[in-house]
Amino acid sequence: MSKEIVIDPITRLEGHGKIVIILDDKGNCVRAFFQVPEFRGFEKFAEGRHAEDMPQITSRICGVCPTAHHMASTKALDDLYKVDPPVAAKKIRELFYNLFMLEDHALHVYILGGPDFIVGPDAPKEERNVVGVIKKVGQEVGLKVIGMRKSIRQMMERIGGKTIHPVFGVPGGISKPLNEEIVKDLKALGEQGVEFAQFTLNVFKDIVLKNKKYLDLITSDAYTHRTYYMGLVDNKNRVNFYDGMLRVVDPNGKEYAKFDVHNYLDYIAEHVEPWSYMTFPYLRKIGWKGLIDGEQSGIYAVAPLARLNAAEGMATPLAQEAYEEMFEKLGKPAHQTLAMHWARVIEMLYAAERIKELANDPDILDQNVRNLPTEKPSVGIGVVEAPRGTLIHHYETDERGVIKRANLLVATQHNIGRISMSVDKAARSLIKGGVVNDGLLNMVEMAFRAYDPCNACGTHTLPGSMPVPIYIYNTNGELLRVIH
């Protein structure tokens, strides 16, 4: 235990958190906590603000997933003012949203989570980053990834007004229609996106799936939990990022519930733990049973693997083919946490195919893109699938549309119970006999990184940043070491 090992800083996640690892006298991990020690106060900031401002306010929660908050908020405004957008507006919103999903998933695959596999989980930490990835895959591949993300972001700016914080969603539609020049470029981008997603799937197969060591890691018990899974599905129970019903399956894959987002409070409740500022959602009818998995526990998961588990298929052909291949290999539902990376690549393929479909849909050239609200506001609830999982915005206003109460139930909150279990199980499995080295600690981090957590969305600190230390205690409660 005297050997000094430092992780400084913990990287490749959005927001801040810390891991506390407790060792017994033999140096074995007996408990590990994934803590989020930030105050979450964003809903309070919204009170007293005009609801129409929420798509811009909430998109500032996070610099990684502003589009998810913008879209969930815009849909909540549709509901608040009881106005249904025209067909063209709905399809353009979905197209725009799939551009975001493709770009954001590529960020995680190549930059946030990718280094753990592409460079290696026990590679020197100074190499587990995007530079290390480029060294491994080559400059040509690196430029291909950067170029694709740049093209998508430029298109999002043309449609949404801004690259990072879009301004095009309004109650009842969008702020401006598309023109033929943009649609022409969208069609080309759709073709390019499908090729890029197929390329990424092949990269994943070559580097990860053909490596027995990595495949054994993915399927190991250290990274496996049997929980419930939730995701949006269309009318054929296929994955949909923009709209649909929320479907929950149990650890055996059997449908447990399927409901409209307006009824989410009938199915989801939130638990508070004294050691975290993030609330722990659970299935209300099962109840909070603690951080345990299985059918008797109300803990569930969202995000790519959960979406694929909760659905019965993909709505596009190439993604469906990849979906079938993954579940043939892992079984369904797939409980392997690290398989989240595989599911994310499949979703990249779906997003790219959906962009191509919608870009070739003549409806998106219709110039009627907004219906004006006429109803007095009271309650509005919107939902989308963020890259990290289900995102719900719930507003209650006075008759002027001023927010009286807001509830933002974000993906990382849904996942926090399972993330906590994953970190604990990985630490118990990997840290034994007092052997704590950089590679093992990174493998503990991999347990949460697979979820692509966004603690900036799940919590919001006042007033600024916070370090991300790991605290190691003995069973007497004595602090042995702090690793920054």
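The structure is a predicted model, in which local features need pLDDT of at least 70 and side-chain atom pairs count only at pLDDT 80 or more, while totals for chains, interfaces and linings use all residues. Residues are numbered from 1 along each chain as its sequence is written, and side-chain values use heavy atoms, with hydrogens and water left out. Helices (DSSP runs of H or I, at least four residues) and strands (runs of E, at least two) are numbered from the N terminus.

**Cavities**

- A search of the whole structure finds 4 cavities of 30 Å³ or more, where a cavity is a set of points on a 1 Å grid over the protein atoms alone at which a 1.4 Å probe fits but cannot get out.
- The largest cavity has a volume of about 140 Å³, a volume being the space filled by probe spheres set on the points, which are joined across faces, edges and corners.
- Of the 15 residues that line the largest cavity, Val109, Gly114, Ile118, Phe204 and Val208 are the closest to its centre; lining residues have an atom within 4 Å of a point.
- At least two lining residues of the largest cavity come from each of α4 (87-112), α5 (114-118), α8 (180-209) and α13 (340-359), and α8 gives the largest share, 5 residues.
- The lining of the largest cavity has 9 nonpolar, 5 polar and 1 charged residues, where Ala, Val, Leu, Ile, Met, Phe, Trp, Tyr, Cys and Pro count as nonpolar, Asp, Glu, Lys and Arg as charged, and the others, Gly among them, as polar.

**Backbone features in loops**

- A cis peptide bond, with omega about 0°, joins Lys332 and Pro333, and Pro333 is placed in the loop between α12 (317-330) and α13.
- Lys82, in the loop between α3 (66-80) and α4, is not a glycine, yet its phi is positive, near 50°.
- Asn237, in the loop between β5 (228-233) and β6 (245-249), is likewise not a glycine and has a positive phi of about 60°.
- Lys82 is partly exposed at 48% relative accessible area, whereas Asn237 counts as buried at 11% (buried means under 20%, exposed over 50%, partly exposed in between, with a 1.4 Å probe and protein chains only).

**A helix pair**

- The axes of α7 (residues 139-160) and α8 come within 11 Å and cross at roughly 150°, which makes α7 roughly antiparallel to α8, a term for angles over 145 degrees.
- Axes are lines fitted to C-alpha atoms, for helices over the stretch in contact, and angles run from 0 to 180 degrees between N-to-C directions.

Definitions and conventions: On a 1 Å grid over the protein atoms alone, a cavity is a set of points where a 1.4 Å probe fits but cannot get out, and a pocket is an open set with protein on both sides within 12 Å along at least five of seven lines; lining residues have an atom within 4 Å of a point. Angles under 35 degrees count as roughly parallel, over 145 as roughly antiparallel, 65 to 115 as roughly perpendicular and the rest as oblique.
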